[in-house]
Amino acid sequence: GAVLIFLPQILTLFFFIALLEETGYMTRAAFLMDRIFAWSGLNGKSFVPLLSSFACAVPGILSTRTIEDRASRLITIFIAPLMSCSARLPVYVLIIGALIKPTYGPAIAGLVLFGMHLLGLLIALPTAWILTKSMKGYKPKPFVLELPDYQAPKIKNVLLRMWSEGKEFLIRAGTLIFSITLIVWALLYYPRPESVAESVKARFAQAHPTLQADMPASSVYDPSGMRIDPEAFEREIARAYVEQSYLSRLGKTIQPIFDPAGFDWKITLGVLASFPAREVIVSTLGVIYSLGGEVDEASPSLRDAIRNSKWTEGPRAGQPVFTLAVGLAIMVFFALCQQCGSTLAVIRSEANTKWAVASFVYMTTLAWICAVITYQSVSWLTSL
């Protein structure tokens with residue numbers, strides 16, 4: 001699913017790219033955008049990949065194949081993940097819907113959402129400028145192209161382009177995406193000792209005296225005659241298993257690194273679990289807060305859980321976890337962080353491992369720094 005979910009987008013993108021190339025319009029679009037990109041050392045051919053990356057960085061990076069100059073293509077690949085793709089939208093909707101819209105109204109909520117989409121672009125072009133200045137021997141190539149005549153597209157050529165690009169994506173990137181997803185799933189799923197489920201049953205038995213260890217939750221009634229919700233029982237077991245998983249232990253260990261950004265261990269766990277795909281944080285928070293992994297960003301129960309979440313230990317014990325400062329810090333982090341195994345796999349296949357690692361390190365470090373600055377500055381302003 002994690003691999004094939006991108007295939008329709010890639011086929012659709014290359015259908016329209018091939019269509020524009022066949023008609024002769026693509027060269028004209030590149031010509032029109034050249035002056036805007038020239039100051040950063042790129043040219044107009046970077047426009048289509050960056051625009052495509054607002055939907056998904058994977059087809060955006062694949063579309064850089066239209067850029068002949070290797071250095072310009074590598075820089076475009078490097079900054080493409082900074083565009084705010086559709087996978088970030090569930091995170092924005094969840095945080096804005098839970099923390100910003102109820103307090104500040106829909107107008108401010110809309111401005112914040114627009115600002116989150118604009119943030120990556122504002123950082124991408126200066127990043128491209130720095131890269132073009134720092135790359136040894138890099139000189140922007142003169143942007144020379146021949147404007148072909150407009151013509152009717154040849155459907156056979158369009159379909160062949162879709163077939164070749166889709167096949168190459170599945171073969172070259174699909175295997176790595178699968179591996180990354182499998183590793184994170186295993187870290188979030190294991191270990192699963194029986195003692196965890198028994199502990200949850202014991203707590204339910206203490207709260208509901210009619211519950212027996214060998215009785216299914218669906219058949220148990222509390223003294224008032226109300227049936228214990230079997231789904232709530234299963235969600236509590238799922239939450240308990242996640243809390244003691246290897247990934248959760250790692251999240252608790254590195255939580256002090258994210259503490260300056262206001263993240264508790266649950267948010268940190270969500271960040272780690274969402275590295276294969278950013279939107280996974282929504283379902284992960286649903287499991288952590290005993291709501292189940294089926295919740296989405298619009299679920300009132302998840303938004304209520306976020307608003308009511310409290311620190312359970314440390315100097316901030318009893319204080320709300322999700323303040324305005326924390327919410328903005330989370331969105332800034334997700335807007336800038338390289339949390340997409342698919343994108344890393346495609347960068348590796350289209351460039352090389354060095355560029356994929358550099359992209360991950362740069363974007364993750366940048367996201368952490370900006371999240372800390374956001375949290376500290378907003379906390380200071382709200383305390384005045």
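Helices (H or I, at least four residues) are DSSP runs, numbered from the N terminus. This is a predicted model, in which local features need pLDDT of at least 70, side-chain atom pairs count only at pLDDT 80 or more, and totals for chains, interfaces and linings use all residues. Residues are numbered from 1 along each chain as its sequence is written, and side-chain values use heavy atoms, with hydrogens and water left out.

Q: How is the lining of the second largest pocket divided into nonpolar, polar and charged residues?
A: Asp, Glu, Lys and Arg count as charged, Ala, Val, Leu, Ile, Met, Phe, Trp, Tyr, Cys and Pro as nonpolar, and the others, Gly among them, as polar. On that basis the lining holds seven charged, four polar and four nonpolar residues.

Q: What is the division in the largest pocket?
A: There, 23 lining residues are nonpolar, eight are polar and three are charged.

Q: Which helix gives the largest share of the lining of the largest pocket?
A: H8 does, with six residues.

Q: Why is Ser72 called buried?
A: Buried means under 20% relative accessible area (1.4 Å probe, protein chains only). Ser72 has 3% relative accessibility, and therefore counts as buried.

Q: What does Ser72 contact, leaving aside its neighbours within four places in sequence?
A: With contact meaning heavy atoms within 4.5 Å, the partners of Ser72 are Gly41, Leu42, Ile67 and Tyr138. Ser72 itself belongs to helix H5 (residues 70-79).

Conventions:
Helix = DSSP H or I, 4+ residues; strand = E, 2+ residues; numbered from the N terminus. Buried < 20%, exposed > 50% of the residue type's maximum accessible area, 1.4 Å probe, protein only.
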